[in-house]
Amino acid sequence: MTRLAGESVAFAAPDAPDAKRVTLHEATNAAAALSPDGRTVVFDLLNMLWVVPVTGGAAVRLTDVVQESSEPDVAPDGQHVVCQSYEDGQFRLVMLNIDGSGRTVLTSGPGDHREPRFSPDGTKIAFSGESSDRYAIRVLDLATGEIADWTGGTRQEAHPVWSPDGSTIAFTSGKDNAPKAIEAVDTAGNRRTLVEVSVGQLAGPSFAPDGTLSYVHLTATETALMVGDRKVSQPGEDVFPFAPRWLSQDELLYTADGQIRRRDLRTGAARKVPFTAKVSVRPVVERPSVRDFDSTAPLPVKGLVSPVLSPDGKQVACRALGDIWLLRPDQEPKQVIANGNFNDDPAWSPDGRTLVYASDRAGQLDLWLHDLATGEQRQLTNLDGDESAPAFSPDGTTVAFLSGSSVCTVAIASGEVRKVIGSLNAPGRPSFSADGTKLSLAGFVPTTARYREGANHVLTVDIATGTAHYTPPIPGKSLANRVDAGPAYSPDGRRMAFVVSGTVWLSDVDSGGRPTGQPRQVSDETGDCPSWSGDSDTLLYLANGRLRLADVRTGAVRSMPTQLTWRPRKPEGHQVIRAGALWDGQSRKLRRDVEILVRGNRIAAVGRNVAVPGAEVIDAADLTVLPGMVATHEHLVWKNNRIPRLWLSFGVTTLRSPGTGHYAAVEAKEAQETGNRLGPRVFCAGEIVDGSRVHYRTHRPITDSDELRRELERVGELGHDMVKTYVRLPYSLQREAIEQAHARGVPVSSHYLFGPAAMGADAVEHTSGTSRYGHHHKQTLIGHAYADVVDPMVRSGMTLTPTLGLPDNMRPALYHYAEWALDDPRLKALLPATMYEQFRNEVKEAVNGNPEAELVITARQAATVRHMIDGGAHVSIGTDSPLVPHGIYYHLNMDSLTRNGISPYDVLRAATVGGARVIGMSEHLGTVAPGKLADLVFVQGDPLADVNAAAQVRRVMLNGVLHTVDDLIGAAAAKPAATPVHTFRETPQQGAFWWHRDDYLTGHTCC
């Protein structure tokens, strides 16, 4: 027990024995509440509640990190605190005594409940809570437990506060999480607008004793504390987006610039409430990768992507090792489409004679038909953008597919294309009903428009009318992803198969083609990617890299052996590189006239006169050689074989993908290591481990320990290189994920900092990044971060990948200095055409403009990174492609860091040594030294003097094999002699779903 102002305070769980202590005196985006007597401040720091005297002092912790408590309010009796808590994976209202004891959960159910405020008489709590598809202002009666909605309509409402007499509640109101109005509602439901802005957003309304309204106005350039229409904060003050508290009619308590502050409204003077808070982090050590880059022994293929069972049930088509294969248990595997292009998503015609698949052979993803008897290829689609995920109709005359974010069909004979529905948020692969009149697919349903997360439901669409229905696969559950979790109709039309909670299920289908009745589990084993035999008796699915066949009549399940293996490719012989200069990854100066001896795929010697007889000489007298660079936040899958060559052409020889489809991740590694797909080494997470709600198509909704255990077992079975957890996973499951991953030797990364840092996570992504709290977790709206962000990073040994220039509206800060890249031949040849054109247009606009606000915020983010590096923290370089252009954005990140005060040496170390550490490859990568893998970049110029020289790549050596940039660029994709000609029609679009609107789809894109 610890004492504060005479009151006993129950301290939270003791520190772990190996933990490192961190004493904090600053907070980022902290909310503070005041006791009625004005003596005590309760505030949230690192998602824990703390108390400190209003005069300042040592803060005492009331809650622990797993309880994840924030946004406190103190009751009128001064004895109780209410807050929002995320302990069980939903935001609940929780009340506890001011000494930390007596914790009581006040609300329950599937909805989130946030931002509680006591009524003046202490009998009620107003809060922002989910009601249908929006956040409404709701009131909890503490005596009865009943909840009443005080508002109706369609707006997203938040941050409630009672008027002094308790008759009115003021709140923010808007269409999303950036409200532009403060409204008030009384007990009769009468509403009026108190404040409205056209620029920026509003937060934190609060009433003075006399009813004067204060609030926070936030824009891209400024955050201001307002009283009425008067700004009372100072210019440049970083005011946090929470309600100020009134110490008196003339004094406010609020949070800003990393501090708790008091401001006198008469004089304008401000003074801080100083505090110290002691927390602990677990020290992180590098977890060495178990990948073997020297063996050439054959290995079983586990990267089987989109396997589909043939109509006769005797063979399987899938993507593996960069090609399309046919697999039979009684025959050798057969490559049926192996032309050096990216070929994907095979699907069988009903008669089993033809495959339809997606290919980039004409420069972008189009659909192609392959006749299995003759080998004849015919292009089926030639539309703008990419087409993927095809499926034949039951009569074989039509193919359904995804065109970007829309669902379409194409008539095979005439080429007529019909848009059935869209745009959607990354929908899944369509499946035809037995009568061919409907399509079902995985579709996303957000919970509200305030936040982007939601569930994956079965979306069923009538092709003729456009009538659409979303149905949960199982009540209260979400499909496992929108990639390979189904739904897949049985050919007889009686059932559909899908994946929920990591296993395959069957559901009956009603007359509308929708799942109905009580689904049954096919098997308790982990399963993905269900597909049917033509007689509807057999179901194929993937079980951690193994093909399994289930007899749906008897329930019997058997394995289908594939006999498909792969062998890593490794060069032989000696090469000696005669470099004019070398940056070895360690020295602060270039070494001149150095020889590097390469034996096979490793560096044998570095120095002078190290050549051996018979060694091939590589003349690089006019070039600087440096270690291959590592990009540490780039998401697969590349639906284009030019993109990995683009990365190599910019000197990135290793790439870390913190989240993609499970089997696509494995296939990418196997295809690269065999040499079938030229590109950087890839180190991958599989699907991202999320909480009960998801947003992206490859995120797994995890709701309990059993589902989490299944996911972590899959990580081990498939040999993933890391685990990434995401926005909605509660810290209780985060801790289990870290423990289970570490038991397998696998590192863990997250968007969040302190919770994972306290539990031993290895890395953190983004200086900002999406969070579940309604505001950034690691920086403020205008880009500042304080000691509670910097110090735990430094002390823990975690690695940060900053990803500057996100989200989209921040690109001008990096593009302002990118004129040199406008006509780069690598981008013109290898970047997807649409992305290249957008890049050129945005760079021209940024160069000719003055993106002052974006430059300032980026400078602040870089300053945070600089403070971390100066303190000894580990940093790497990544970009979050494909949200940004591949390859070039990596170097623009490096350029931005150096422009904002970080030395080229430190930036290059982050790109090499830091990248190698976060993937557990310091023994093999990151520096040029004997024994390291021969991943080398040959550039023009001195990158220690000008970091942009690192982008002037002339050659690159990967695993001991040399490539010139001209070779990587290669020839332009050959256009087919004849391309399809299309006519178009559109199914009537139904307007019942607000999340189909373009303004919603474009408003929740990052990161």
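Biologist: How many aromatic pairs does a search of the whole structure find?

Modeller: The search finds 18 aromatic pairs. Rings of Phe, Tyr and Trp (its six-membered ring) pair if their centres lie within 6.5 Å; planes under 30 degrees apart are stacked, over 60 edge-to-face, and the rest tilted. This is a predicted model: local features need pLDDT of at least 70, side-chain atom pairs count only at pLDDT 80 or more, and totals for chains, interfaces and linings use all residues. Residues are numbered from 1 along each chain as its sequence is written, and side-chain values use heavy atoms, with hydrogens and water left out.

Biologist: Why is the pair of tryptophan 583 and tyrosine 905 edge-to-face?

Modeller: A pair of aromatic rings is described by the distance of the centres and the angle of the planes. Here the ring centres of tryptophan 583 and tyrosine 905 are 6.3 Å apart and the planes stand at 85 degrees, so the pair is edge-to-face. Tryptophan 583 lies in the loop between strand S56 (574–582) and strand S57 (591–599), and tyrosine 905 in helix H12 (residues 904–918), so the pair ties together parts 322 residues apart in sequence. Helices (H or I, at least four residues) and strands (E, at least two) are DSSP runs, numbered from the N terminus.

Biologist: Are tryptophan 583 and tyrosine 905 buried or exposed?

Modeller: Both tryptophan 583 and tyrosine 905 are buried. Buried means under 20% relative accessible area, exposed over 50%, and partly exposed in between (1.4 Å probe, protein chains only).

Biologist: Which parts of the chain does the pair of tyrosine 815 and phenylalanine 839 link?

Modeller: Geometry comes first. The centres of these two rings, tyrosine 815 and phenylalanine 839, are 5.3 Å apart with planes at 85 degrees, so this pair is edge-to-face. The pair links distant parts of the chain: tyrosine 815 is in helix H7 (residues 811–815) and phenylalanine 839 in helix H9 (residues 833–848), 24 residues apart. Tyrosine 815 has 1% relative accessibility, so it counts as buried. Phenylalanine 839 is at 1% relative accessibility and also counts as buried.

Biologist: Which residues do ring pairs link into a cluster?

Modeller: Tyr86, Phe91, Tyr731, Tyr752 and Tyr773. Tyrosine 731 also has arginine 772 over its face, at 5.1 Å from the ring centre. A charge sits over a ring if NZ of Lys or CZ of Arg is within 6 Å of the ring centre and within 35 degrees of the ring normal. Arginine 826 lies over the face of phenylalanine 650, at 3.8 Å from the ring centre.

Biologist: How many disulfides does the count come to?

Modeller: A disulfide is a covalent bond between the sulfur atoms of two cysteines. The rule asks for a pair of cysteine sulfur atoms within 2.5 Å. By this rule the count is zero. Cysteine 529 is in no disulfide; its nearest cysteine sulfur, that of cysteine 318, is 9.4 Å away. Cysteine 529 counts as buried, at 10% relative accessibility. Cysteine 83 is buried too, with a relative accessible area of 0%.
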